[in-house]
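Subject: Structure handover

Hello,

Here is the structure for you to look over. My notes follow below.

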Amino acid sequence: MSKAPITPHLLVADPSGDIYDHPDLLMLCRRGNQWGVPRPDELIPLPPESELFLLPKRRPCGLNPETGEIEIVEDSLAVAAFLAPAHTISAHPAYMQEDDAPLLPLFAYGAVGFANEMFYVCAQLVDHDQRQRFRQISREKIAKKARQLQKNYPKNRLVAHILNNCVARYDCPAARNFALGRFEAPLPTSQACNAHCLGCISLQEKDSPIKTTPQCRISFTPTAAEICEVMTIHAGRETKQPIFSFGQGCEGDPLMNADLLASAIEQYRQQGGHGTINCNTNASKPNAIPKLAKAGLSSMRVSMNSAQEKLYTRYYRCQSYAFHDVRESIRLARSENIFVSINLLFFPGLTDTEEELEALANLVGKNGVSMIQWRNLNVDPVWYYHIMTDLSLDEHQTNFSKYNDSMKLSDSIVSTSGMGLSTFMQRLKKLCPWLIYGYFNPYLGDHPKLTAPKVDTWSMPDWNKILTDDIK
Ligand code: SF4
């Protein structure tokens, strides 16, 4: 017997902040400027360690199942879910914002509703790794371990930064893991960056509409010896599968200090240090790749909001590099046997399009990318969509009004510009079957074995042939 589909009701908050499910209206969600009810395959119960946010000056919108029309709930606030790590959202909440609505801070805002006594979100679990689950670990335990580490290494400024800023102020999961001596240790090093990302979480320009960032840039440059000591400390505690990652939320881009990184990696490897040494980066400096490979780098994770140059450039606002440098860095890394992941900053309705699928498959296939990490783009969804598409905010509202006036459930709800996260993931895998999917940097030993095609040995498969083979 097939299960009845889940039909969540709209979640709203009253002016005092109490959240309740609307008795009549159904949950709606947004992918770009397309609104609809959630797809049956994208609803999951709200994962543990997630949070609910109230969205100021944004009125929730739901679907009246009797009339098939969208209704705005006046005198209420829209509600969104910020999901626990390892989950990727597939839709944003549907709301109308007032003219003076403040820009939302840099988080990802997932669509959330209520059914069968549970919260449901539009999202997918993309990694089963437990490294950022802390439910069973008390804050006191983490603080105690941090105090002990600082006592043991009082002169290392990087240890102090990770514990005093990243653990104590930013609550960074990677830093907490360093304090606990498990999984992946962070190695922030860089005060500078050659991009001005719209959603940079460590630094915004003076005239940016984003007034606060969740973290601050590291205010000093550690020495190679300090970095190497952090790696050695971590490897001495996480003895099975140590991972070390340059490129953290509290810094600029690590490739700005490529010589420093190479020297720290070299020191660590020369003293017999094992583990996966990874660099999270914008990959803007191809010249840095061969020396990092020679020093002993194992993997590189390249962040991007889009594989389409136009959308990439609009978000990254590159200062001294261009999209072709990113591509060249990936090619060089693959040629040097470095495992390359794309840190794909997924945005429902913009990332899951036909155009993006083609651009991403080409980037991945031709240049030897091994993995996609499906991350959420932390940004105000309406603001970002407006910048990426040249639509004014007024046009968004107009689109909605037209939609509201003229469209009914039967003829409107399925029409979206995005194909949906799960379809996008499935289709990309058909085109690039070697791809590994996940959310975190994997442990790969010191030197990974690569199955991604070598540079320029792949060509785009014929969709018709894929479909025919599937039917056979
Ligand atoms: S590449 Fe990273 S550090 Fe540089 S501006 Fe973008 S988010 Fe910030």
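How many residues does the largest nonpolar core have, and which of them have the most contacts inside it? The core has 129 residues. Those with the most contacts inside it are Leu28, Val112, Val121, Val167, Ile265 and Leu292. At least three residues come from each of domain 1 and domain 2. Please keep in mind that this is a predicted model.

Setting aside neighbours within four places in sequence, Ile265 touches Ile277, Leu292, Ala295, Gly296 and Leu297.

Now the domains. Domain 1 covers 9-125. Domain 2 is made of two segments, 139-391 and 416-463. Their centres, taken over C-alpha atoms, are 29 Å apart. Domain 1 gives 24 residues to the contact, and domain 2 gives 30. On the domain 1 side, β4 (34-36) and β10 (87-89) are the elements that give two or more residues. By class, that side of domain 1 has eleven nonpolar, nine polar and four charged residues.

Strand β4 also belongs to a sheet. Three strands make up this open sheet, in the order β4-β3-β11, with antiparallel pairing. Where to find one: Cys29 has Pro93 of β11 as its bridge partner. In general, strands of a sheet pair through backbone hydrogen bonds.

Best wishes

Technical notes
Residues are numbered from 1 along each chain as its sequence is written. This is a predicted model: local features need pLDDT of at least 70, side-chain atom pairs count only at pLDDT 80 or more; totals for chains, interfaces and linings use all residues. A nonpolar core is a set of buried Ala, Val, Leu, Ile, Met, Phe, Trp, Tyr and Cys residues joined through C-beta atoms within 7 Å. A residue is buried if 20 or more other C-beta atoms lie within 10 Å of its own, exposed if 12 or fewer, and partly exposed in between; C-beta atoms are placed from the backbone. Domain bounds come from an automatic or database domain assignment. Two residues are in contact if their C-beta atoms, placed from the backbone, lie within 7 Å. Helices (H or I, at least four residues) and strands (E, at least two) are DSSP runs, numbered from the N terminus. Ala, Val, Leu, Ile, Met, Phe, Trp, Tyr, Cys and Pro count as nonpolar, Asp, Glu, Lys and Arg as charged, and the others, Gly among them, as polar. Two strands pair if DSSP finds at least two bridges between them.
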